[in-house]
Amino acid sequence: MRGNVIVGQSGGPTSVINSSLVGVYKTAKDRGAGKVYGMLHGVKGLLDRQYVDLSEHIKSDLDIDLLKRTPSSFLGSCRYKLPEIKDNTEVYDQIFEILEELNIEAFFYIGGNDSMDTIKKLSDYAILRSSEIKFMGVPKTIDNDLAMTDHTPGYGSAAKYIAAVTKEIIRDGLVYDYPTITIVEIMGRNAGWLTAASALAEGEDCEGVDMIFLPEVPFDIDHFMKKVKELSEKQSSIVIAVSEGIKMADGRYVFELKDHLEYVDAFGHKQLQGTAKFLADKIGEEL
């Protein structure tokens, strides 16, 4: 490499997102990059000219090892949606002017689906601008939903957390002398890997969850209620894991079966909330 590199982090933090940052930093330095800059708070911070020279913060192998093992986003994060190129080229020109001032040869963005949307737009604009800057996305998603990958950075630590918490919830439910039904709502809009990780709670010391519902399989509320009733006649404690994104056969999210305030974020995603609450209320009313 002849020029400099810049890297940013975006979206939700994970326990391993800084390992990806270290990977970008080390590889860039090993390949001869002059400087490796870090955007503070992603592309939003870059627009405000907030960036640092990472070599001033990573000065030894110990710093690298510590950063690899530090959770959350070292550079800070953002949830900033770039406008469509046809609607506003000024913001793109501003970004490219900053990158050219810094003699950037490669731009790395560590994040999930929406961060890859940012990379795609910047890459497309680079073509329109005849810029030679390379734009690369570094995957980060706890949902484990990238095709042709064994697992995505961020999934393993999140799955371990889900398994551990589920095991604790199951054990807690056994201490009471009256029946309990616990519904654990777990992240996952379209992919059920995280919810499926609740199955890892099962072992010699734990019987595991009683039911798991994933967004890939249409949810049948009548079947659900029937199974809950059958289980409640056999055992005093029931623990059910449900994905936030479970849907009915007609495509409606389960949480939409109840009156709710709909919120859509900057990237057009419905805010999924209340699935477990709806099902808990349903059980309370009917059983």
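Q: What share of the contacts in the chain with a separation of 6 or more comes from residues 24 or more positions apart?

A: The model is a predicted one. Residues 24 or more positions apart supply 72% of the chain's contacts with a separation of 6 or more.

Q: How many helices and strands are there in the chain, and what box do the C-alpha atoms fill?

A: The chain contains nine helices and eight strands. Along the principal axes, its C-alpha atoms fill a box of roughly 70 × 45 × 30 Å.

Q: What percentage of the residues is buried, and how much accessible surface does the chain have?

A: A residue counts as buried when its relative accessible area is under 20%. Of the 287 residues in the chain, 44% are buried. The accessible surface of the chain is about 15,500 Å², and carbon and sulfur atoms account for 51% of that surface.

Q: How many positive and negative side chains does the chain have, and how far apart do the centres of the two sets lie?

A: There are 32 positive and 45 negative side chains, with 3 Å between the centres of the two sets.

Q: Let us turn to a single residue. Why is Asn 4 classed as buried?

A: Asn 4 is classed as buried because its relative accessible area is 11%, and the cut-off is under 20%. Asn 4 belongs to strand 1, which covers residues 4-9.

Q: Which residues does Asn 4 touch, leaving out those up to four places away in sequence?

A: Among them are Gly 34, Lys 35, Tyr 37, Leu 102 and Ile 104. With Lys 35 there is also a polar contact: the side chain of Asn 4 reaches the backbone nitrogen of Lys 35 at 2.8 Å.

Note on methods: Residues are numbered from 1 along each chain as its sequence is written. This is a predicted model: local features need pLDDT of at least 70, side-chain atom pairs count only at pLDDT 80 or more; totals for chains, interfaces and linings use all residues. Side-chain values use heavy atoms; hydrogens and water are left out. Helices (H or I, at least four residues) and strands (E, at least two) are DSSP runs, numbered from the N terminus. Buried means under 20% relative accessible area, exposed over 50%, partly exposed in between (1.4 Å probe, protein chains only). Contact means heavy atoms within 4.5 Å. Accessible areas come from the Shrake-Rupley method with a 1.4 Å probe; for residues, only the protein chains shown count as cover. Lys and Arg count as positive and Asp and Glu as negative; His and the chain ends are not counted. The place of a charge is taken as NZ of Lys, CZ of Arg, CG of Asp or CD of Glu. A polar contact is a pair of N or O atoms within 3.5 Å; within protein, one must be able to donate a hydrogen and the other to accept it, and residues adjacent in sequence count only if both atoms are side-chain atoms.
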